[in-house]
Amino acid sequence: MRILYLDCGMGAAGDMLTAALLELHPDPAAFLERMNALAIPGVEVSAAPCVKCGITGTRVTVTVNGEEEESAEGETCRDCREHHQAHAHEHAAHHHHEKEHSHMGMPEIEHLISHLDLPEKVRSDVIAVYALVAGAESKVHGRPVSEVHFHEVGAMDAVADITAVCLLLHELAPERIIASPVHVGSGHVRCAHGVLPVPAPAAAEILRGVPIYGGAVRGELCTPTGAALLKHFAADFAPLPVIKISGIGYGMGKKDFAWANCVRAMIGDAE
């Protein structure tokens, strides 16, 4: 049995998972060409070598109309930032510039995904993963899913990350996906509405039933997008099983820590 193991010892985010899986792909350049040919509005996906703690891996960058989404590992948690941006009119004086951007709800995102040139299984996976994020936002913020809206840049960034991971997994075709327990970080993050604990609320909601832990790393390590991808695809969260490894990929995060900030993906055959 061909097994993919995702080592989430430094959490998980969509771009980190994309980069780790991209390193396992037999033709990363061709894959990036296919991703950009999908013509997700305004999106360009690129990859470059990146070194963390002496380990060389890949850093994937998604820009939307030339703008890169603020790092989810920064001081402001992504789920609350997106929620706040979606309701920027409530804070117009402080976030006047956000009025220049449009916002998207789940129906618009589903419509977009349904028209991407993807295998049907990949398209359904993308919609299911994004629905996990929207459902968590709905519960956390006390609004129906139909009223959950995402800032355009954040929405397209997440669509690109989720689509890339779903398509990579389709092409790598592991028979079973296992992830480690997820390191979510520790401390607090400053959000538009105040200071909240790590994991941030939407990520915590998605990770219900998943083994998680904190630790010495201060900050948000697992984003809602990363959490949703793990929740959708991982059949189990457990230690590395006995496998003969045939490929290893390192997907690097944007921020630097004393620990190598990466998702490590290992693929191989079970004994």
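**Notes on the fold, core and cavities**

1. Of the 271 residues of the protein, 55% are buried, meaning under 20% relative accessible area with a 1.4 Å probe and protein chains only. This is a predicted model, where local features need pLDDT of at least 70 and side-chain atom pairs count only at pLDDT 80 or more, while totals for chains, interfaces and linings use all residues. Numbering runs from 1 along each chain as its sequence is written, and side-chain values use heavy atoms, with hydrogens and water left out.

2. The secondary structure comprises eight helices and 16 strands, taken as DSSP runs numbered from the N terminus (helices H or I, at least four residues; strands E, at least two). Among contacts (heavy atoms within 4.5 Å) between residues at least 6 apart in sequence, 74% join residues at least 24 apart.

3. The largest nonpolar core has 71 residues; such a core is a set of buried Ala, Val, Leu, Ile, Met, Phe, Trp, Tyr and Cys residues joined through side-chain atoms within 4.5 Å. Helix α6 gives the largest share of this core, 14 residues. L4, L6, L21, I40, Y130, M156 and L230 have the most contacts inside the core. Apart from it lies another core of six residues, including I3, Y5, A238 and I243.

4. L6 deserves a look. Leaving aside neighbours within four places in sequence, L6 touches L17, L21, I177, I178, A179, S180, L230, R264 and A265.

5. L6 also lines the second largest cavity, together with L17, L21, V165, L169, I177, L229, L230, F233 and A234. The elements giving two or more residues to this lining are α1 (14–24), α6 (152–172) and α8 (224–233), with the largest share, three residues, from α8. By class the lining has 10 nonpolar, no polar and no charged residues, where Ala, Val, Leu, Ile, Met, Phe, Trp, Tyr, Cys and Pro count as nonpolar, Asp, Glu, Lys and Arg as charged, and the others, Gly among them, as polar.

6. How many aromatic pairs does the structure hold? There is one, with rings of Phe, Tyr or Trp (its six-membered ring) pairing if their centres lie within 6.5 Å. Y130 and F150 sit edge-to-face, 5.5 Å centre to centre with 85 degrees between the planes; planes over 60 degrees apart count as edge-to-face, under 30 as stacked and the rest as tilted. The pair links helix α5 (residues 120–141), holding Y130, to strand β6 (residues 149–151), holding F150, 20 residues apart. Both Y130 and F150 are buried.

Terms used:
1 Å grid on protein atoms, 1.4 Å probe; cavity = no way out; pocket = protein on both sides within 12 Å on 5 of 7 lines; lining within 4 Å. Buried < 20%, exposed > 50% of the residue type's maximum accessible area, 1.4 Å probe, protein only.
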